[in-house]
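Work through the exercises below with the model open. Each task is followed by a stepwise solution.

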Amino acid sequence: MSLLQSLKRRLAGSAPAPERRPLVPFKLEAIDAAFALPAVRSVADLGGVWAVDAGYTFYALERHGAERAVLVDDDITPPVRERARNFGQLELLEQDFGLERTPADVGPIGVVLLFDVLLHQVDPDWDTILRRYAPHAQAFAIANPMWDASPGTVRLLDLGEERYRSAVPPQDNLEGLYDRLDEVKPDRGKPWRDVHDVWQWGITDAELRARMADLGFTAAWAERRGRWRGLADFEDCAYVFHRA
Ligand SMILES: C[S@@+](CC[C@H](N)C(=O)[O-])C[C@H]1O[C@@H](n2cnc3c(N)ncnc32)[C@H](O)[C@@H]1O
């Protein structure tokens, strides 16, 4: 990320991008499990950029020879654009994947990747996003910190500032967050209480499976890997759901 980009992110209150992180083997296994399904030959990576520069999209292209790939992210970085030039079958969409029109922009797709993004989605909420993409997708690969501190799904900001800060990982943009919840964040056009730049949802495993079942999808593969980066309230989970 250039100095200018990083300055723009800071002024907008977005979390600064860390150095590029290694790809998580667990998420690669989810992609492998999805491409093992006969109906999966293409991939849409929703929110695939931050800290990994679309590494999971490129993995699907290089390892599985995806016939078509679509990367959708609000913030597409120059290294992603540069590497994308090697893949004629890759389309980059720099837009909100929660917009009503985006699933149609993506079109019919084998697997939709949602890696560490579902818990950030408000207006539309995470389950509305799943519902909007379901008619276009044969499968979903989802990796998400799953809430297991109480039996039901919770809106984390409703827990109050102290409990919220104890539940989520530390981030630069949390300082003063509760004082600006109703302030519109200019680059997102939404109030802070709804932006994807902070943790929003504690989604339970049972609720995710139930919502997917309502949409006609069943788990073909699921793994749990213990505490998510040591957080007491979240378990590190990944799933591949396919049309039942
Ligand atoms: C926590 S990072 C996850 C990156 C990657 N998927 C991974 O697993 O390492 C979230 C990414 O999703 C993007 N993002 C989150 N919600 C979005 C939305 N509704 N529309 C577009 N991009 C979104 C952010 O810009 C960021 O690149």
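**Exercise 1: A helix pair**

In this predicted model, helix α2 (residues 25–35) packs against helix α3 (residues 55–64) at an angle of about 45°, and their axes are 11 Å apart.

Solution. 
1. Start with the description: two packed helices are characterised by the angle between their axes and the distance between the axes.
2. Apply the cut-offs. The angle here is about 45°.
3. Six are nonpolar, one is polar and three are charged.

**Exercise 2: Backbone in the loops**

Task: which residues other than glycine have a positive phi, among them Asp116, and which peptide bond is cis?

Solution. 
1. Take Asp53. Its phi is positive, about 45°, although Asp53 is not a glycine.
2. Check the burial of Asp53. Buried means under 20% relative accessible area. Asp53 has 13% relative accessibility, so it counts as buried.
3. Find the neighbours of Asp53. Leaving aside residues up to four places away in sequence, Asp53 touches Arg20, Gly48, Phe58, Thr77, Pro79 and Val80.
4. Turn to Asp116. Phi is positive here too, near 55°. Asp116 belongs to the loop between β4 and α6.
5. Locate the cis bond. It joins Asp123 and Pro124, with omega about 10°. Pro124 lies in the loop between β4 (109–115) and α6 (126–133).

**Exercise 3: Glu91**

Task: is Glu91 buried, partly exposed or exposed, and which residues does Glu91 touch?

Solution. 
1. Glu91 is part of strand β3 (residues 90–93).
2. Read the accessibility. The value for Glu91 is 35%, so this residue counts as partly exposed.
3. List the contacts. Beyond residues up to four places away in sequence, Glu91 touches Arg68, Ala69, Val70 and Leu71.
4. Glu91 and Arg131 are 40 residues apart along the chain, and 23 Å separates their C-alpha atoms.

**Exercise 4: The whole chain**

Task: how many helices and strands does the protein have, and how compact is the protein for its length?

Solution. 
1. Count the elements. The protein has eight helices and eleven strands.
2. Compare the radius of gyration with the rule. The protein has 17 Å, close to the 18 Å that the globule rule gives for 244 residues, so the protein is as compact as a globular protein of that length.
3. Read the extents. The C-alpha trace spans about 50 × 45 × 30 Å along its principal axes.
4. Note the burial. Of the 244 residues, 51% are buried.
5. Finish with contact range. Take contacts between residues at least 6 apart in sequence: 69% of them join residues at least 24 apart.

Technical notes
Residues numbered from 1 in each chain as written. Predicted model: local features only at pLDDT ≥ 70, side-chain atom pairs only at ≥ 80, totals over all residues. Heavy atoms only, no water. Axes fitted to C-alpha atoms, helices over the stretch in contact; angles between N-to-C directions. Helix = DSSP H or I, 4+ residues; strand = E, 2+ residues; numbered from the N terminus. Nonpolar A, V, L, I, M, F, W, Y, C, P; charged D, E, K, R; others polar. Buried < 20%, exposed > 50% of the residue type's maximum accessible area, 1.4 Å probe, protein only. Rg over C-alpha atoms; globule rule 2.2 N^0.38 Å. Contact = heavy atoms within 4.5 Å.
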